[in-house]
2 protein chains.
Amino acid sequence: MKKHSVSEENYLKAVYHLEAAGERVLTNDLARTLSAKPASITDMVQKLTEKGLLDYQKYQGVQLTPEGRKQALSVIRKHRLWESFLVEKLGFNWDEVHEIAEELEHISSKKLVEKLDAFLNFPKLDPHGDPIPDKNGKIVYDQALVPLIELPANQPAIVMSVASQSADFLELLRFNNIVLGVKLEVKKRFDFDQSLQIKIPSRAAFTVSAQMAQSIKVKPVEI
Amino acid sequence: MKKHSVSEENYLKAVYHLEAAGERVLTNDLARTLSAKPASITDMVQKLTEKGLLDYQKYQGVQLTPEGRKQALSVIRKHRLWESFLVEKLGFNWDEVHEIAEELEHISSKKLVEKLDAFLNFPKLDPHGDPIPDKNGKIVYDQALVPLIELPANQPAIVMSVASQSADFLELLRFNNIVLGVKLEVKKRFDFDQSLQIKIPSRAAFTVSAQMAQSIKVKPVEI
DNA sequence: AAATTGATTTAGGTTTGTCTAAATAATTAT
DNA sequence: ATAATTATTTAGACAAACCTAAATCAATTT
């Protein structure tokens with residue numbers, strides 16, 4: 001288990017996240033998420049395939065090998081632990097930690113990660129509600145989570161997680177005072193643009209776009 | 001105030017540490033501390049001179065410019081704050097934090113550094129007894145420190161700082177149970193090899209080499 | 001089935017930070 | 001003062017990770 005460059009780690013992480021959406025990951029998708037040109041992606045995935053971390057086939061995109069997935073999960077583990085540290089211990093807001101964690105996740109010391117984990121009391125979720133893989137890469141998803149867009153009307157639910165870390169998205173969340181743990185209900189859905197009217201107890205109702213509602217994960221609760 | 005590459009930061013740091021010893025810093029000295037070939041040093045110091053961080057003159061070595069010194073101190077500040085964090089909060093031993101801090105010192109967020117500083121309660125010294133520059137690069141040296149080798153016999157003193165982070169050096173310190181804050185006296189000096197016999201209260205006396213005694217900084221105390 | 005469009009790959013180039021080998025300057029010893 | 005030694009610089013090369021432009025493959029439309 002040697003160490004990889006920052007770039008290599010970012011490629012593995014990107015493939016991991018894109019794979020979640022389904023089948024093989026295409027060059028162009030990687031180009032978009034990594035902000036690089038498709039030609040550069042081809043170079044790099046070939047290199048990572050030679051190292052046994054990806055399985056690449058011309059024109060057919062890539063897949064993580066078991067070893068590649070293990071590496072990706074290790075980076076994601078570090079990212080989420082550092083985010084937890086920044087919020088829990090240093091008092092950052094949850095919408096300003098992603099960029100910093102993008103740097104911290106590449107610090108290599110294994111011992112550091114384990115000590116950090118212990119210092120944080122072995123958290124299961126990061127500040128955005130995403131699960132933190134354990135040291136063996138095991139990751140526990142909450143099966144009960146659904147995107148807000150799929151929540152039936154008048155079914156109370158708790159906001160558990162958000163599926164994007166983009167600054168624009170988090171800004172809008174904050175504008176609407178949506179934080180993890182808040183309880184809400186869908187009051188109305190507008191077929192025209194799929195937008196939803198949302199009610200949070202003791203606040204005025206407001207609407208969110210379909211795009212927003214897609215990225216907010218909630219857990220329905222008993223009535 | 002733009003950001004610099006990891007390599008550039010390491011060059012500035014190396015020049016800063018070597019400058020402490022006296023006048024201009026020579027290519028070969030940098031080659032040694034940075035583990036690079038002299039030819040590579042020449043290239044890089046030329047580049048840093050063009051950026052206004054170093055003042056380089058052919059065959060005459062380099063000096064930090066005010067801007068270069070400011071950058072170097074910023075990196076050193078981060079290094080020492082992270083070392084403090086690793087020891088104080090994560091429970092590392094002082095002899096295992098240097099390598100990790102070499103990576104952490106290059107994390108760029110200014111806000112992170114200030115929050116970390118506050119979290120640690122604005123420490124003045126790092127775990128090795130070295131002063132931590134403040135956010136303006138101001139650094140307070142304890143004028144009363146002398147190398148153990150210069151301590152007169154039978155003059156009690158407190159170990160305040162060590163002038164090397166090498167693993168071999170720290171291992172030997174540990175072997176002799178020398179930690180920061182410990183009180184000791186020189187009992188005898190052997191002219192043959194300049195080695196010293198040291199006594200620490202309630203422990204058997206032991207000897208240290210001149211090389212060791214050079215790197216241990218102590219503060220004499222009243223009798 | 002041919003043509004157009006879009007995705008992907010290839011070929012060749014750039015920058016950063018390193019290297020080796022050869023040339024030159026500075027220093028030290030004779 | 002000259003020779004030998006050591007330090008430094010120059011020149012040319014290389015790997016990593018990116019780029020642009022051109023070529024090729026795949027998918028879709030007509």
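Figure 1. The model is predicted; local features need pLDDT of at least 70, side-chain atom pairs count only at pLDDT 80 or more, and totals for chains, interfaces and linings use all residues. Residues are numbered from 1 along each chain as its sequence is written, while chains are lettered from A and ligands numbered from 1 in the order in which they are written.

**Figure 2. Side of chain B that touches chain A.** In this interface 14 residues of chain B are in contact with 14 residues of chain A (contact: C-beta atoms, placed from the backbone, within 7 Å). Helices α5 (98–104) and α6 (110–119) of chain B each supply at least two residues of this side (helices are DSSP runs of H or I with at least four residues, strands are runs of E with at least two, and both are numbered from the N terminus). The most comes from α6(B), with four residues. By class, the side has eight nonpolar, three polar and three charged residues (nonpolar: Ala, Val, Leu, Ile, Met, Phe, Trp, Tyr, Cys and Pro; charged: Asp, Glu, Lys and Arg; polar: the others, Gly among them).

**Figure 3. Surface near DNA strand C.** Of the 19 residues around DNA strand C, those that come nearest are Leu26(A), Asn28(A), Ala39(A), Ser5(B) and Ala39(B) (near: C-beta atom, placed from the backbone, within 6 Å). At least two residues each are supplied by α2 (27–34) and α3 (38–50) of chain A and by α1 (6–19) and α3 (38–50) of chain B. The largest share, four residues, belongs to α3(B). Eight residues of this surface are nonpolar, seven polar and four charged.

**Figure 4. Surface near DNA strand D.** DNA strand D is surrounded by 19 residues, the closest being Ser5(A), Ala39(A), Leu26(B), Asn28(B) and Ala39(B). Two or more residues each come from α1 (6–19) and α3 of chain A and from α2 and α3 of chain B. Here α3(A) provides the largest share, four residues. The classes are eight nonpolar, seven polar and four charged.

**Figure 5. Packing of α2(B) on α3(B).** The axes of α2 (residues 27–34) of chain B and α3(B) come within 9 Å and cross at roughly 105° (axes: lines fitted to C-alpha atoms, for helices over the stretch in contact; angles: 0 to 180 degrees between N-to-C directions). The two helices are therefore roughly perpendicular (65 to 115 degrees; under 35 is roughly parallel, over 145 roughly antiparallel, the rest oblique). Thr27(B), Asn28(B), Leu30(B) and Ala31(B) of α2(B) meet Pro38(B), Ile41(B) and Thr42(B) of α3(B). This contact has four nonpolar, three polar and no charged residues.

**Figure 6. Packing of α1(B) on α4(B).** With axes 9 Å apart, α1(B) and α4 (residues 66–88) of chain B pack at an angle of about 100°, which means that α1(B) is roughly perpendicular to α4(B). Glu9(B), Leu12(B), Lys13(B), Val15(B) and Tyr16(B) in α1(B) meet residues of α4(B) including Arg69(B), Ala72(B) and Val75(B). Six nonpolar, two polar and three charged residues make up the contact.

How values were computed:
Two residues are in contact if their C-beta atoms, placed from the backbone, lie within 7 Å.
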